[in-house]
Structures are given as C-alpha cells and as structure tokens.
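The sequence and structure come first.

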Amino acid sequence: MVNIRPSSRLAIAEIVFYFPALLFTILLVVRHGIKRELGWFFLGTLAVIRIIGGSMELAANVQKNNTLFIVAAILNGIGLNSLLLAMGGLLGRVNKAILAQEADVNPTTGKIDNDPVRAKFARTFKMVHFPLIVAVVLTAVGSSEIYDSNTGNDPGGRSLAQAGIIVFLVVFLGLILVTAYTFGGFIKLPPGEQRILYAVVLSIPFIAVRLVYSLLVYFDKNSSLFELRNGNIWVRSFMAVFQEWVTVLLYLGAGLLAPVQGAEWFKTPQMKQSSTG
C-alpha cells in the first residue's frame with residue numbers, strides 16, 4: 001500500500017475542491033461580466049493559485065524537491081491576496097448599488113449628489129489593489145528566502161514575510177471598516193445585493209482566522225505547529241484550508257443568488273428620467 005503523506009492528502013483535497021469551484025467561478029464571471037464583477041474574478045485566481053500550489057506540494061513530496069516546495073509555500077501565502085481582492089470587489093459592487101439608489105439631482109447645479117464617502121468605497125478594489133501588491137511581493141520574497149535557507153529560518157526573509165502579512169492584516173481591517181459603513185445603506189439594497197453583503201459579513205470571521213494562521217506561521221518561532229513544511233496538518237487544515245473553503249462557498253453562493261446587474265441598474269437619474277420621459 002502506498003504511504004501518502006498527510007500534506008499530500010491535504011493538497012489532493014484542495015485540488016478536488018478548487019477545480020469545480022473554478023468552473024463555478026467562470027460561470028459567474030460570464031454571467032455577471034468580468035469588468036463589473038471583479039469579486040468573483042478573483043475567486044477564480046484564488047482557485048488557480050490553490051490548484052497549482054497543491055500540485056507543486058504533491059510533486060515536492062514525491063520528488064523531495066525543495067524548489068517545488070518553495071513555490072508551494074509562496075503560493076500558500078499570496079492566496080490571501082485574491083481572497084481580500086474578492087472581498088473588496090464585492091464590497092465595491094454593493095456600494096455602487098447603494099449609490100444607484102441614493103443618487104439625486106441637485107436642483108441648483110443640475111449635478112448628481114452622492115455620498116462622497118460611499119462614492120470612494122464604491123472604488124474599494126482600486127483602494128486595496130496597490131497595498132496588496134506590496135504585500136504579495138514582501139510575502140513571496142520572504143517565503144522564498146526562508147525556505148531556501150539551510151535552516152529554514154532566514155531572519156531577513158522572515159522579516160520580509162512578516163511585513164507582508166502585516167500589510168494583509170491592515171488591508172483586512174480597512175475592509176472591515178468599509179463593510180461596517182456599507183451596512184448603513186443595507187435597507188436601500190435589493191434582496192440580491194443584500195445577500196452579497198451578508199456573504200461578506202459572514203466571511204469576516206473566517207478570513208480573520210486565516211490571517212491569524214499566517215501571522216502564527218511567520219511570527220511564532222517557538223512552536224512547530226504552524227510550520228508550513230512539517231507543521232501540524234490538522235491545525236493547517238482547520239485554520240487555513242477550511243476557512244478559505246467556507247469563504248469561497250459563501251461568495252459563490254451569493255453570486256448564484258445575485259441578479260445580473262445590467263446597464264439599467266447603474267443609470268444616472270438624468271438617464272432614468274430621459275428613458276421614462
């Protein structure tokens with residue numbers, strides 16, 4: 001009987017989960033449109049990252065190849081980027097929907113008056129894009145240096161990875177604030193958009209646990225529980241993999257239940273008046 005390492009079994013489980021998740025994501029992107037619905041697009045990038053990462057980990061375990069493991073470790077860390085971008089993309093969509101309901105024409109200037117704060121939050125994706133790129137670079141370079149060293153504990157690489165995870169954490173906290181503000185317009189949302197906001201709110205504790213795991217991986221030097229190469233597989237399964245799976249299912253479910261937003265949904269008040277007059 002072939003002896004399969006626990007980490008290999010987990011890698012197989014991730015591939016099995018994310019392959020159909022990728023197919024569902026592609027269907028959602030086609031259904032809603034890639035330009036308008038970046039939240040689900042980044043679920044697709046997460047699925048690709050996890051499928052490739054799982055494949056690299058499987059190959060690393062079979063071939064005992066450290067380079068392949070380094071690639072898997074890097075992909076494990078930067079997957080947070082896609083998760084947070086998906087959250088930001090969905091928040092952006094919901095805020096656009098609220099703006100479409102709140103928009104009013106100023107009788108004096110003839111211009112559309114919108115909540116300026118909400119108008120900024122409607123561009124949530126753009127707000128978080130640059131800091132997340134920085135976090136990805138720091139985490140990727142740091143992870144590479146850590147696992148490429150003989151001891152697996154390169155101080156410089158660990159510092160870079162720690163800085164990257166801190167940036168991820170700051171962005172996540174910012175997205176929580178955006179979520180709280182967005183909830184102020186909840187009653188103005190159609191049911192389909194309310195489901196998306198519910199999904200984002202419900203995902204917060206799961207993403208939080210996932211981030212805590214990453215913090216422990218790079219900050220806890222005294223315990224082997226959170227070491228990526230030889231850490232406790234049950235801890236990793238629950239704190240990292242399971243939390244991501246729940247978040248992905250929440251977002252996919254919201255996408256399946258949400259209506260397709262056509263051009264009519266985002267028409268300005270002038271356009272609405274001209275189309276009805």
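R93 is buried, with a relative accessible area of 2%; buried means under 20% relative accessible area, exposed over 50%, and partly exposed in between, with a 1.4 Å probe and protein chains only. E193 is likewise buried, at 1%. The model is predicted: local features need pLDDT of at least 70, side-chain atom pairs count only at pLDDT 80 or more, and totals for chains, interfaces and linings use all residues. Residues are numbered from 1 along each chain as its sequence is written, and side-chain values use heavy atoms, with hydrogens and water left out.

A search of the whole structure finds four salt bridges, each defined as a side-chain nitrogen of Lys or Arg within 4 Å of a carboxyl oxygen of Asp or Glu.

| Salt bridge | N to O distance |
|---|---|
| R93 and E193 | 2.7 Å |
| E57 and R236 | 3.0 Å |
| E244 and R210 | 2.8 Å |

R93 lies in helix α3 (residues 66–102) and E193 in helix α7 (residues 191–219), so their pair ties together parts that are 100 residues apart in sequence. Helices here are DSSP runs of H or I with at least four residues, numbered from the N terminus.

The side chains of E57 and R236 meet in a salt bridge. This pair links E57 in helix α2 (residues 38–63) to R236 in helix α8, 179 residues apart. Both E57 and R236 are buried.

The side chains of E244 and R210 also meet in a salt bridge. E244 is in helix α8 and R210 in helix α7, 34 residues apart. E244 counts as buried at 2% relative accessibility, and R210 at 0%. R50, R210 and E244 are linked in a network of salt bridges. Leaving out residues up to four places away in sequence, E244 touches Y18, L46, R50, L83 and R210, where contact means heavy atoms within 4.5 Å.

Helix α8 (residues 233–257) has 25 residues and reaches 34 Å from its first C-alpha to its last, close to the 36 Å expected at 1.5 Å a residue; the expected span is 1.5 Å times one less than the number of residues. α8 bends by about 30° at V241, the bend being the angle between axes fitted to the seven residues ending there and the seven starting there.

S7, in helix α1 (residues 6–32), counts as buried at 10% relative accessibility. Not counting residues up to four places away in sequence, S7 touches E57, N61 and I233.

Methods:
Helices (H or I, at least four residues) and strands (E, at least two) are DSSP runs, numbered from the N terminus.
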